[in-house]
Amino acid sequence: MDTPLPDLPWSFTEKEKQTLRLIVCGHDAKSIARELNLSVHTINERLREARRKMAVSSSREAARLLH
């Protein structure tokens, strides 16, 4: 699961990168929360912040940009 993200114009925290990697792999917020033993709220906050940084409206869109 430690697939490196390519050089990007956005600056993500390690936690945001970890969450986005799992989105790229096809997980949703609920399964990411289970995988990382965190609350869905925490995962949604990470995704919301990543979407804000990327200026996109959905986590799947963010995942597509990363892929």
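1. The largest nonpolar core of this predicted model has 15 residues, and those with the most contacts inside it are L20, I43, L47 and M54. Two or more residues of this core are given by each of α1 (14-24), α2 (29-36), α3 (40-54) and α4 (59-66), and the largest share, four residues, comes from α3. As general background, nonpolar side chains in soluble globular proteins tend to be buried together.

2. L20, one of the residues with the most contacts inside the core, deserves a look of its own. Leaving aside residues up to four places away in sequence, L20 touches F12, L47, A50, A62 and L66. Among these partners, L47 is itself listed with the residues that have the most contacts inside the core.

3. Turning to the overall fold, the protein chain has four helices and zero strands, so that, read from the N terminus on, its elements run α-α-α-α. Of the 67 residues of the protein chain, 34% count as buried. Where contacts with a separation of 6 or more are considered, residues 24 or more positions apart account for 50% of them in the protein chain.

4. The pair formed by α2 and α3 can be described in some detail, for these helices pack at an angle of about 115°, with their axes 8 Å apart. Angles from 65 to 115 degrees count as roughly perpendicular, and α2 and α3 are therefore roughly perpendicular to each other. The crossing of the two helices is right-handed.

5. On the α2 side, the contact is made by A29, K30, I32, A33 and L36, while α3 contributes V40, I43, N44, R46 and L47. Sorted by class, the contact of α2 with α3 has seven nonpolar, one polar and two charged residues. I43 and L47 of α3 take part in this contact, and both are also among the residues with the most contacts inside the largest nonpolar core.

6. Which residues does L38 touch, not counting those up to four places away in sequence? L38 lies in the loop between α2 and α3, and its partners on that count are A33, I43 and R46. A33 belongs to the α2 side of the helix contact described above, whereas I43 and R46 belong to the α3 side.

7. Is L38 buried, exposed or partly exposed? Its relative accessible area is 33%, and because buried means under 20% and exposed means over 50%, L38 counts as partly exposed.

Key: Residues are numbered from 1 along each chain as its sequence is written. This is a predicted model: local features need pLDDT of at least 70, side-chain atom pairs count only at pLDDT 80 or more; totals for chains, interfaces and linings use all residues. Side-chain values use heavy atoms; hydrogens and water are left out. A nonpolar core is a set of buried Ala, Val, Leu, Ile, Met, Phe, Trp, Tyr and Cys residues joined through side-chain atoms within 4.5 Å. Buried means under 20% relative accessible area, exposed over 50%, partly exposed in between (1.4 Å probe, protein chains only). Contact means heavy atoms within 4.5 Å. Axes are lines fitted to C-alpha atoms, for helices over the stretch in contact, and angles run from 0 to 180 degrees between N-to-C directions. Angles under 35 degrees count as roughly parallel, over 145 as roughly antiparallel, 65 to 115 as roughly perpendicular and the rest as oblique. A crossing is left-handed if the near helix is turned anticlockwise from the far one by less than a right angle, and right-handed if clockwise. Ala, Val, Leu, Ile, Met, Phe, Trp, Tyr, Cys and Pro count as nonpolar, Asp, Glu, Lys and Arg as charged, and the others, Gly among them, as polar.
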